[in-house]
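Please review the following briefing alongside the sequence and the structure.

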Amino acid sequence: MLRRVFSLSTLISSAKPSPLLNQVAYGLSFLKAFSTDTLKPVEAGILSKATTPTINFVLGGPGVGKGTQCARIADTYGFTHLSVGDLLRKEISSNSEYGAMILETITKGKIVSSEVTVKLLKSTIDSSKTNRFLIDGFPRSEENRVTYERIIGIEPEVVLFFDCDEEEMLKRVLHRNQGRVDDNVDTTMERLKVFEAYTLPVIRYYSEKGKLYKINAIGTEDEIFERVKPIFAP
Ligand code: AMP
């Protein structure tokens with residue numbers, strides 16, 4: 001049984017200040033985002049593509065079903081689905097110079113360094129022959145978002161947020177059986193905490209910009225996809 005079950009929708013739609021823990025974490029992530037390491041000259045829009053790509057972000061807690069829905073959206077509406085978690089796992093299996101650090105971070109349920117993640121994302125977009133992207137699991141923190149704005153700098157058209165309670169997310173993670181190092185109770189509890197402290201502020205940011213589409217992620221795969229369709233249908 002989970003000690004802490006809250007409705008993410010309540011947190012997002014509430015105009016009131018977030019709980020203290022959230023505010024402290026938000027403050028810390030913001031300070032981190034503006035550390036000297038990230039205060040480098042702005043190099044926005046340095047993708048080497050001839051036409052500016054269309055970018056959409058997809059957010060939601062662990063096990064919420066982002067990957068499944070992204071695959072359907074990508075197939076139906078002609079996007080390239082880029083799962084940042086998958087890109088990072090590929091770095092581990094290819095024994096890249098960051099592989100060991102990424103494995104350790106994922107195993108602990110923490111967020112991988114934004115510099116590494118955004119550069120990986122940039123090189124993947126750059127080398128792709130397509131120009132319409134659905135980026136799954138990004139930006140996961142304000143630091144991710146600020147680093148993306150500095151290194152890639154393309155405003156997302158849509159930010160989807162799949163919303164579900166924590167208890168259900170934990171249940172789904174523990175039932176999916178994909179052999180992932182982070183699909184266990186302890187790491188998932190940490191991922192849920194990270195989601196609440198670091199990703200909810202990003203969700204609030206895009207909500208305030210009028211870019212956020214919140215989808216109720218409770219229901220069958222088909223029911224959830226029906227809720228997504230109007231956002232992408234012409
Ligand atoms: P996912 O496959 O989306 O559940 O992500 C698995 C793990 O990859 C996360 O718990 C993080 O450790 C790492 N990760 C995924 N996306 C990001 C991101 N945008 N920034 C940093 N780390 C990430």
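**Ligand site and selected residues**

A polar side-chain atom of Arg 89 is placed 2.8 Å from an oxygen atom of the ligand, a polar contact being a pair of N or O atoms within 3.5 Å; within protein, one must be able to donate a hydrogen and the other to accept it, and residues adjacent in sequence count only if both atoms are side-chain atoms. The model is predicted: local features need pLDDT of at least 70, side-chain atom pairs count only at pLDDT 80 or more, and totals for chains, interfaces and linings use all residues. Residues are numbered from 1 along each chain as its sequence is written, and side-chain values use heavy atoms, with hydrogens and water left out.

**Ligand contacts**

- A polar backbone atom of Lys 110 lies 2.5 Å from an oxygen atom of the ligand.
- Arg 180 places a polar side-chain atom 3.0 Å from an oxygen atom of the ligand.
- The ligand taken alone exposes 490 Å², of which the protein buries 96% (Shrake-Rupley method, 1.4 Å probe).

**Shell around the ligand**

**Helix α9**

- Arg 191 is found in helix α9 (residues 185-208), and its side chain reaches the backbone oxygen of Asp 182 at 2.7 Å.
- Arg 191 is buried, with a relative accessible area of 11% (buried means under 20%, exposed over 50%, partly exposed in between; 1.4 Å probe, protein chains only).
- Phe 195, also in helix α9, is buried at 5% relative accessible area.
- Phe 195 and Ile 111 are 84 residues apart in sequence and 9.6 Å apart in space, C-alpha to C-alpha.

**Backbone geometry**

- Most residues other than glycine have a negative phi, and most peptide bonds are trans.
- The peptide bond from Phe 138 to Pro 139 is cis, with omega near -5 degrees; Pro 139 is in the loop between β3 (132-136) and α7 (142-151).
- Asn 95 has a positive phi, near 55 degrees, and is exposed, with a relative accessible area of 68%.
- Asn 177 has a positive phi near 55 degrees and is exposed at 73% relative accessible area.

Methods
Helices (H or I, at least four residues) and strands (E, at least two) are DSSP runs, numbered from the N terminus.
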